[in-house]
Amino acid sequence: MAAAARWFQTNFRGDVFYAVKANPSPWVIETLVANGVTSFDVASIPEIELIAQHAPGSRMAFMHPVKSRAAISAAYFDHGVRTFALDTHEELAKIVEATSEAKDLNLIVRLAVAAEGAAYSLSGKFGVDAHEAPALLLAARRATQDLMGVSFHVGSQCMRPTAYQAAMTQASRALVRAGVFADVVDVGGGFPSVYPGMVPPALADYVDSIDRGFAEMMVHETTELWCEPGRALVAEGSSIITKVELRKGEALYLNDGSYGSLFDAAHAKWPFPVKLLRTEGGEAREVEGNLKPFKFWGPTCDSLDHMPGPFWLPEDVREGDYIEIGMLGAYGVAMNTRFNGFGDAEIAETRDAPMASMFGLARRSIPLPKQENQNVVKLSRARSKKRRRK
Ligand SMILES: Cc1ncc(COP(=O)(O)O)c(C=O)c1O
């Protein structure tokens, strides 16, 4: 996570706003701040309060395109938030009214763009269409004496770097039609991480595409470039260690699942890397052997609590073993519910490399250092365990 934060600081030619929704853990916020990320994309008052508490004085942008009037007022008057996203004239009116017609707003118009190449499309719900965008851009321009900008989201886990340049071309066209300059171009999130079977191009290709897109846009000399990465900043930062409660053929019943940290593994059938751990004589070790495909069931009584995988594990996996599931720093802990009374976890800080990395950190096989062995042993009393790395 520290390496990811530094990579974005060094390579992205603009301001990096961390999308808090990806992982709102206080230690994540603090690690990012310690490594230079001091701007945050927030989507709710609780996220704003979290940042106010753990990163006081940092810059926040309220990038949810639909907000309650109460949330807009509280953000503006109680927390000093000045940047608000919108994708309709109605939301623009709400923002203006709920801030008592403030003149120091930064208004960011979210555009709908194609989500080609993204594993998760985020188009459809938010974003103003191309033909309606010019009028909204003009209205936003007139509503503030401060910054007016454009934003978009190419979709999460975007596998195609050129998607950014294409979206910027679309944004530029809307600006030209409206006859206004943007003070901010916010290219959103979507920067990928690496998962089994989903190895994206290098992140450098993404910033190149953005640089090319920016160079061709209708902007002025002082126009700011922003991005809002979530996944790419934090995915590598955590694994979970979950316990096998029962083996039924090739089905493993675990103490974590789709209502816990494995939402994406269930609902997006996301392939996460796995590793088998076994404790013997109080010592934990990684188990290797002939690999077989397994599917997982979570601990709740819901049959949707199913992670089809396949997850490739040594064929002799058995009750009482632990499975480390890697790359769960983004949209893992953030999605945890307490359904059926499950969801407890201990958190331990570790210093080993992530299972895979966009930042050149990963090792193929990661031996467990002594301290981690102790952590894993403690697990036998715990329901599940989340590991984190700085
Ligand atoms: C407005 C906004 N910005 C940024 C992000 C982060 O996206 P990602 O995790 O794909 O980088 C999201 C994710 O939903 C979002 O809605």
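**View 1. Contact between domain 1 and domain 2.** In this predicted model, 22 residues of domain 1 are in contact with 22 residues of domain 2, where contact means heavy atoms within 4.5 Å. The protein chain is divided into domain 1, covering 2–229, and domain 2, covering 236–389, with bounds that come from an automatic or database domain assignment. Taken over C-alpha atoms, the centres of domain 1 and domain 2 are separated by 33 Å.

**View 2. The residues around the ligand.** Among the 14 residues around the ligand, those that come nearest are S156, G190, E228, R231 and Y331; a residue is counted as near if one of its heavy atoms lies within 4 Å of the molecule. By class, this shell holds four nonpolar, five polar and five charged residues, with Asp, Glu, Lys and Arg counted as charged, Ala, Val, Leu, Ile, Met, Phe, Trp, Tyr, Cys and Pro as nonpolar, and the others, Gly among them, as polar.

View 3. From K21, a polar side-chain atom lies 3.4 Å from an oxygen atom of the ligand. The ligand taken alone exposes 400 Å², of which the protein buries 90%, with accessible areas from the Shrake-Rupley method and a 1.4 Å probe.

**View 4. Cysteines without a disulfide.** The structure holds zero disulfides, a disulfide being a pair of cysteine sulfur atoms within 2.5 Å. The closest cysteine sulfur to that of C227 is in C158, and because 13 Å lie between them, they are too far apart for a bond. C227 is buried, with a relative accessible area of 0%, whereas C301 is exposed, at 69% (buried is under 20%, exposed over 50%, with a 1.4 Å probe and protein chains only).

**Notes.** Residues are numbered from 1 along each chain as its sequence is written, and side-chain values use heavy atoms, leaving out hydrogens and water. Local features need pLDDT of at least 70 and side-chain atom pairs count only at pLDDT 80 or more, while totals for chains, interfaces and linings use all residues.

Conventions
Polar contact = N/O pair within 3.5 Å; in protein donor to acceptor, adjacent residues only side chain to side chain.
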